[in-house]
Amino acid sequence: MFERPKSGERAALVQVDINRTPDPAVEEEFHQLARSAGAQIIWAERYSRGEAEPRYYIGRGQAEALAEAVKAHDIELVIFNAPLSPSQERNLEKLCSARVLDRSGLVLDIFAQRARSHEGKLQVELAQLNHLATRLVRGWTHLERQKGGIGLRGPGETQLETDRRLLAARIKQLQRRLARVQKQREENRKARLRRDIPTVALAGYTNSGKSTLFNTLTEADVYAQDQLFATLDPTWRKLQHSGPQTILMADTVGFVSDLPHELVAAFSATLEETARADLLLHVIDVADPHHLEREEVVEDVLKSIDAADVPTLRVYNKIDLRGEAPRVKPGADGKAEAVFLSALTGAGVDLLTDAIVAYFKSDEKNGWLHLAPHEGALRAALYAEHAVLEERSAADGSQWLHIRLREKHYHQIQSKYNRRLELQTHSDIP
């Protein structure tokens with residue numbers, strides 16, 4: 001399902017505005033999506049309507065004009081920037097004698113091309129099959145007949161019923177395999193929690209520069225290109241900074257308006273990395289004249305995956321395209337609220353690194369803890385959390401532990417052992 005031809009396809013793009021004012025930004029993004037999928041844009045048209053027409057989505061006269069253009073330009077594929085129903089796709093294919101794809105199908109195809117990891121391919125295939133399940137008939141009405149031939153006649157399944165059954169079986173198989181992947185992700189997440197390693201996830205609109213920023217912050221070599229959905233598979237790397245604390249960063253898939261619900265469902269395991277992170281970097285292309293609307297799209301997607309409450313630091317990228325200087329915008333509490341930088345030139349990246357380190361440092365308890373000889377269980381728990389930096393024994397058999405622990409784990413241990421962990425400075429140790 002993931003082999004794609006190297007060359008593009010001759011395509012016609014149809015932008016349909018239903019009861020809304022035409023928006024050039026929406027149309028430009030649609031063209032970018034088509035080019036990202038490898039389409040050769042031969043012809044494009046925009047239609048405005050008060051409501052969608054049940055048979056063709058567009059009016060009959062508009063559909064017939066579209067069919068004439070398809071024939072005149074020898075077009076192989078018609079792509080609608082709209083959510084077509086299966087019957088509308090079939091009717092348009094029959095009228096145009098060409099394949100018809102809606103926005104969801106287009107985004108799914110791009111994801112299929114970008115998938116590299118085993119998990120990514122499984123997720124894309126599941127999304128594609130869920131999308132295809134309602135579109136099996138398409139133009140192939142002969143599949144509704146029963147299978148013929150010697151040994152195949154009789155009151156058995158039609159070919160279409162067989163295909164649907166096989167499709168349902170494959171979907172169940174993929175769901176089981178993804179459940180195992182999700183379980184493995186959960187184990188990895190628990191291991192990070194046990195080691196008290198803070199995590200940062202990059203989120204943002206597709207092509208906002210997340211992967212370029214990720215490479216700069218972590219000295220990684222993640223694939224980064226000026227195209228939509230260049231990154232699909234999540235990648236973990238260490239943040240490169242001068243301090244002793246390990247901070248893990250995740251580069252994740254970009255968001256887009258009207259993201260197909262099949263993809264959100266299939267990529268739930270991947271998107272969990274965003275929802276479970278300790279800090280989100282919302283990367284914004286500040287040079288994009290429509291970045292405010294796209295910020296809202298990202299916020300809506302974050303809400304849909306239960307990540308709206310994750311602490312967020314806004315990163316305004318590509319300031320070099322606007323001739324701005326790097327800077328940090330502080331919030332009401334004095335902490336960084338937004339950082340303006342250029343991931344491409346590196347200007348301001350050090351400001352972001354400092355802001356990330358400062359965020360986790362403020363969320364950290366650091367000092368010496370005195371334990372009585374009978375508190376061996378508490379001592380073992382602190383070692384299990386990788387919180388102990390140094391230990392010193394006193395003459396009376398007690399211990400002094402130099403611990404560094406994130407605040408939420410600090411409170412969890414206090415609650416579990418019903419004991420206040422009073423930390424001292426180095427100079428207070430006898």
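This is a predicted model: local features need pLDDT of at least 70, side-chain atom pairs count only at pLDDT 80 or more; totals for chains, interfaces and linings use all residues.
Local features need pLDDT of at least 70 and side-chain atom pairs count only at pLDDT 80 or more, while totals for chains, interfaces and linings use all residues. Residues are numbered from 1 along each chain as its sequence is written, and side-chain values use heavy atoms, with hydrogens and water left out.

**Rings**

Let's start with the aromatics. The whole structure holds 2 aromatic pairs, where rings of Phe, Tyr and Trp (its six-membered ring) pair if their centres lie within 6.5 Å; planes under 30 degrees apart are called stacked, over 60 edge-to-face and the rest tilted.

| Pair | Centre to centre | Between planes | Type |
|---|---|---|---|
| Tyr316 and Phe340 | 4.7 Å | 15° | stacked |
| Tyr359 and Phe360 | 5.1 Å | 80° | edge-to-face |

Tyr316 belongs to strand E9 (residues 312-317) and Phe340 to strand E11 (residues 336-340), so their pairing ties together parts that are 24 residues apart in sequence. Strands (E, at least two residues) and helices (H or I, at least four) are DSSP runs numbered from the N terminus. Tyr316 and Phe340 are both buried, and buried means under 20% relative accessible area, exposed over 50% and partly exposed in between (1.4 Å probe, protein chains only). In the other pair, Phe360 is buried at 0%, whereas Tyr359 is partly exposed at 24%.

**Helix H3**

Which residues of H3 (residues 86-96) are buried? They are Gln88, Glu89, Leu92, Glu93 and Cys96. These residues cover an arc of only 130° around the axis, so they are on the same side of H3; the arc is taken from the directions from the helix axis to the C-beta atoms. They pack against helix H2 (60-72), strand E3 (77-80) and strand E4 (99-101). Just after H3, Ser97 has a positive phi of about 55°.

His402 is part of strand E14 (residues 399-406) and is buried, at 17% relative accessibility. Beyond its neighbours within four places in sequence, His402 is in contact (heavy atoms within 4.5 Å) with residues including Asn366, Trp368 and Glu390.

Ser211 lies in helix H7 (residues 210-218) and is buried at 9%.
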